[in-house]
Amino acid sequence: MIRNSKPAAPLTLVAIVAVATLGLAGCSGASKTFGLEVTPPDAYDVATEAPLSMPPGLTLPAPQPGAPRPQQISAATQAEEVMAPQTALANGDSSMGPGQEALLQAAGPTPPAGIRTTVDHQAELESRSPGFVASLMSMGGSSKDDKIVNASAEQRRLQENAALGASATSGATPQETPGKPKGLLGRIFSIF
């Protein structure tokens, strides 16, 4: 008895297609090769050109083929500026224009050296939550360090400073003395 080989041909064809599909699925470069995956340009390979500007005089300098552009920054320098910005500030042009000098004058004096440490320490102290018992006893009342600003007196002080041309920060801020916080037990006993 001889068997006919025709039924095996479609099965062989299905097996070849399945193996080829699995083989191509395992290739990571196959989708790029066939154009199925979009490849955007690498952000580090794309360099920006310096903007064009008019020269100070109308006479243009003679072109020098192959010479680097004077305002062009190399890719290595740009990468160094991104990784360590202080080098860009240190190597930059130290001469400032009148606008920059006026801005620095308007900004005021240079802050003290350890100002960030001081501010961070104060913020840490302020952000600490009071103990559980203290929060129950005060029930949201003000603490002894809280100061309440007298709004009407403060408004008068600011108007007087503006009329005299003085700074808004000159003069003492008028404050009210807060009442003693009663706490939970004080509030309960004050009912009776």
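## A walk through the chain

The chain exposes about 17300 Å², and carbon and sulfur atoms supply 64% of that; the areas come from the Shrake-Rupley method with a 1.4 Å probe, and for residues only the protein chains shown count as cover. Keep in mind that this is a predicted model, where local features need pLDDT of at least 70 and side-chain atom pairs count only at pLDDT 80 or more, while totals for chains, interfaces and linings use all residues. Residues are numbered from 1 along each chain as its sequence is written, and side-chain values use heavy atoms, leaving out hydrogens and water.

Let's start with the overall layout. The chain has nine helices and two strands, where helices (H or I, at least four residues) and strands (E, at least two) are DSSP runs numbered from the N terminus. Going along the sequence, the order is α-α-α-α-α-α-α-β-α-β-α. Of the 192 residues in the chain, 4% are buried. Here buried means under 20% relative accessible area, exposed means over 50%, and partly exposed is in between (1.4 Å probe, protein chains only). As for contacts (heavy atoms within 4.5 Å), take those between residues at least 6 apart in sequence: 47% of them join residues at least 24 apart.

Now for some stops along the way. Asp 45 sits in the loop between α2 (30-33) and α3 (75-83). Asp 45 counts as exposed because its relative accessible area is 64%. From Asp 45 to Ala 75 is 30 residues in sequence, yet their C-alpha atoms are 8.7 Å apart in space. Further on comes helix α5, residues 98-107, which is hardly covered: the count of buried residues among its 10 residues is zero. After α5 comes Gly 108, with a positive phi near 100 degrees.

Helix α8 is where to slow down. Both Glu 154 and Arg 157 belong to this helix. Glu 154 is buried, since its relative accessibility is 14%, and Arg 157 is buried too, at 12%. Their side chains meet in a salt bridge, with 2.9 Å from N to O; the term asks for a side-chain nitrogen of Lys or Arg within 4 Å of a carboxyl oxygen of Asp or Glu. By this rule the count comes to one salt bridge. Side chains of opposite charge can pair when their charged atoms come close. Why do Arg 157 and Glu 154 sit about one helical turn apart? Because they are three residues apart in helix α8. An α-helix has 3.6 residues a turn, so residues three or four places apart point the same way.

What else do these two touch? Not counting residues up to four places away in sequence, Arg 157 is in contact with Ala 168, Thr 169, Ser 170, Gly 171, Ala 172, Thr 173 and Pro 174. With that same exclusion, Glu 154 touches Val 149, Thr 173 and Pro 174.

That brings us to Thr 173, in the loop between α8 (151-164) and β2 (175-176). Thr 173 is partly exposed because its relative accessibility is 36%. Leaving aside neighbours within four places in sequence, Thr 173 contacts Val 149, Glu 154 and Arg 157. Thr 173 and Ile 148 are 25 residues apart along the chain, with 10.0 Å between their C-alpha atoms.
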